[in-house]
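Please read the numbered points with the sequence and the model at hand.

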Amino acid sequence: LLDAAGVETTKAMSVAMAARESIADLGSRRAAATMEVSREGGMRVLDVATGTGVVADGAAARGASEVVAVDFSAAMLEQARAMAEAHPSGVVTLLEGDAAALPLPDESFDAVVIGFGLLHLPDPASALAEAHRVLKPGGRLAFSVWEEPSRGNDAFAALLDALAEHGDKEAALPDTSAGAPLPFFHFASLEASTAACAAAGFDKASVGLQRIPSSVSLRDEHELVEMFATSTARSRALLELQSADQLEAIRAAVAARVRKGFGGAWVQGEARSTAGAWRTGLPGAEEGEHVPQEFAATIGGAAKGTRWQGGRRSHLVPMPSVVVSAQKPVRTKKAK
């Protein structure tokens, strides 16, 4: 997302990270990012619908001179406060505000990012127009959305198929201030995203779409539904509209699909087939960081000093996303 918005790691931050690399700890990069490092050459970045501030944190860690993290929810901003305070004073600013009416001046940011928030906003078109307004000429917008089930998003396919088969056929998301909500995967289409960005004033020829492969790793077959029920907006809302019996049937259908089609686990950062039950006594079955002190032939041939986060995952379900980017036209000088 940050790459698509043109938010690169500054030279000063790269030097700071390299200096910390000699310290053998997993937090070296994070430590460098939170040190008093020169912000010279850093961009001014706006993170819309920041939530807990994950994207804002990443932008600050790349050496951004200032990151403004906006969200309409004071509760979410409170969750992001620890992140903001971990960076040097003034680098990350938390701001409560409406994405469709940003309390920010025109042409004041080099980049605007929206991480999985655009489709959940009441008026996405106005949010895109506001992103265009606050960007400097030549500045870039990037936003992420989930990929369509038909293009390999098996996690959403499992949920939506279960809702279609076992859920309330009349259940629907309510209208917003801008009218009926857009289709679930509206912005996963290059055509739809190009039209929306062009309507907001972005250079139509600059609009690009990149598909990002990713998967959700699960401890058990029930965790996928729990994730949708607690960590998403639209999916959670649809699940909340179901009766107790319908919800139970949906949970069972998703769990059966995960159990049947997506057995596997993470071992040293790679997906491996279970090929039977895992031996829970092996290192890595429990939560926590693991560092073998010598060549570990019994756990995949991990070299001495290899680090990985433990916690055996029984299932791995593809859940790819899409990143769309666009550029605000550069202002041209009028001929005399």
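1. Alanine 49 lies in the loop between E1 and H3; helices (H or I, at least four residues) and strands (E, at least two) are DSSP runs, numbered from the N terminus. Although alanine 49 is not a glycine, its phi is positive, at about 60°. Most residues other than glycine have a negative phi. Alanine 49 is partly exposed, with a relative accessible area of 23%; buried means under 20% relative accessible area, exposed over 50%, and partly exposed in between (1.4 Å probe, protein chains only).

2. On the basis of the note: this is a predicted model, in which local features need pLDDT of at least 70 and side-chain atom pairs count only at pLDDT 80 or more, while totals for chains, interfaces and linings use all residues. Residues are numbered from 1 along each chain as its sequence is written, and side-chain values use heavy atoms, with hydrogens and water left out.

3. Glutamate 107, in the loop between E3 and E4, also is not a glycine and has a positive phi, of about 50°. Glutamate 107 is partly exposed, its relative accessible area being 34%.

4. Seven strands form an open sheet with mixed pairing, in the order E3-E2-E1-E4-E5-E13-E6; two strands pair if DSSP finds at least two bridges between them. Strand E3 (92-96) and strand E6 (208-212) stand at the edges with a single partner strand each, so one side of each has no neighbour in the sheet.

5. Strand E2 (residues 66-71) pairs with E3 in the parallel sense over five bridges. Valine 68 has threonine 93 in E3 as its bridge partner.

6. Which residues of helix H8 (residues 223-231) are buried? They are Leu224, Val225, Met227 and Phe228. Seen down the axis of H8, the buried residues fall within an arc of 155°, so they line one face of the helix; the arc is that of the directions from the helix axis to the C-beta atoms.

7. The cover over the buried residues of H8 includes helix H6 (154-166), strand E7 (215-218), helix H9 (234-240) and helix H10 (244-261). Leu224, Val225 and Glu226 in H8 meet Arg251, Val254 and Val258 in H10, contact meaning heavy atoms within 4.5 Å. The residues of this contact divide into four nonpolar, no polar and two charged; Ala, Val, Leu, Ile, Met, Phe, Trp, Tyr, Cys and Pro count as nonpolar, Asp, Glu, Lys and Arg as charged, and the others, Gly among them, as polar.
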